[in-house]
Amino acid sequence: MKKPEILSPAGDFEKMKYAIAYGADAVYMAGQSFGMRAAAANFSADELRTGIAYAHAHGVKCYITVNIIPSNDDLAALPDYLALLQDCGADAIIAADVSVVSLAKKYAPKVPLHISTQTSILNYEAANFWADQGAERIVLARELSLPEIAEIRAKTPKELEIEAFVHGAMCISYSGRCLISQYMTGRDANHGACAQPCRWKYSLVEEKRPGEYFPVVEDDRGTYLYNSKDLCMIEHIPELVQAGVDSFKIEGRNKTAYYAAGITSAYRRAVDAYCANPDGFVLPRDIHEEIGKVSHRNYYTGFYFGSEENGQYYEDSQYIRDWEVTGLLAEVKDNGEAVFTLKNRFYPGDTLELIQPGKEPYVFTVDQVTDDEGNALEVVHHPEMRFHLNFPFTVEPFAILRHERKN
């Protein structure tokens, strides 16, 4: 069995490091221009070189998004940027527009081409077209079912890789090609600056009753609200593999390093468990629980099992945040002490969880916590302060402390 690739988001260098530490086979990222996540910190030219070198040193590939729909004004800077990506050692360019594909062949001919989900590949003829254009991989539209993916796999060249989103935010437009943000705010979603107006709360106003707002509610005929649930396929690894998906893509370049770590770890462990025992695979309970401990909206399975499952959520567009990060590992002392920097306050006597790369969460009650001078602390509450904890084992690099939020 060919083990599917775990492809994780890298919104900046820190997030890349956490994704790699927690099991990513590859990361996708962007420079300061031409990517579909303008709100992410992204990578400068120097950071692209450093980041790609870091990933390669850890056996991880880097795919660079050049997936905006460019206007005339964008074209002049593209050749130099594409040449830079080749010089940096990029493992692929993710392109959505034929202009980028054409220029990439000319200015970055050694870099493989991946065709973005922005092209809305929904059938095998479209997939074969891009294969004929030299693409090594297609990123499928999110609107496909598993049987449709299996048919695309059966009717395309075996060497053409298939990538599909398995986790993260969903969009109410075909593969994210939306004009609502640009129309309402002037922020162009197709240049990576979406304001997410689909998440806003709307009311109706009747023309002759200005100032009277009527709530939009669901009835037996449905509603026109746009807010969608988050995709989660952690329980359906076998079905994805059997449909022919080569790369499992996790959405989230705008999200935190903790999100990148937690979700990457969950899918890494799930895929490894399935590949080790495909006939007797049962998703371990703690992996299922893990995906609920990062910030998320209500989960569903998208279009993979048809459109019968309603993906809209009508009550609000808020994230579910039942857990929060307590601290990030700063260093490990020779005596076994682990030093963390504080993200959210806690007290001695609180129950915390320590997550580490490749391991199940370690649950413990804080007995004693000290500062850098060895003084016992009654509360740890100053942002970014350092604090020390003792563990009966050596804490792994990139460990994260978290706790359940108190109401």
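## A β-α-β unit

Strand E1, helix H1 and strand E2 form a β-α-β unit that is right-handed, meaning that with the strands pointing away from the viewer, the path from the first strand over the helix to the second runs clockwise. Helices (H or I, at least four residues) and strands (E, at least two) are DSSP runs, numbered from the N terminus.

This is a predicted model, where local features need pLDDT of at least 70, side-chain atom pairs count only at pLDDT 80 or more, and totals for chains, interfaces and linings use all residues. Residues are numbered from 1 along each chain as its sequence is written, and side-chain values use heavy atoms, leaving out hydrogens and water.

## Helix H1

H1 covers residues 13-21, and its buried residues include Tyr 18, Ala 19 and Ile 20; buried means under 20% relative accessible area (1.4 Å probe, protein chains only). Where H1 starts, Asp 12 has a side-chain oxygen within 3.2 Å of the backbone nitrogen of Glu 14. After H1 comes Gly 23, with a positive phi near 115°.

## E2 and its partners

E2 (residues 26-29) runs parallel to E1 (residues 5-9), and three bridges join the two; strands pair if DSSP finds at least two bridges between them. Val 27 in E2 is the bridge partner of Ser 8. Four bridges link E2 to E3 (residues 61-66), again parallel, with Ala 26 opposite Lys 61.

What covers E2? Both of its faces are covered, with Ala 26 and Tyr 28 buried on one side, Val 27 and Met 29 on the other.

## The whole chain

Stepping back, the chain holds eleven helices and 18 strands, and 53% of its 407 residues count as buried.

Note on methods
Buried means under 20% relative accessible area, exposed over 50%, partly exposed in between (1.4 Å probe, protein chains only). A polar contact is a pair of N or O atoms within 3.5 Å; within protein, one must be able to donate a hydrogen and the other to accept it, and residues adjacent in sequence count only if both atoms are side-chain atoms.
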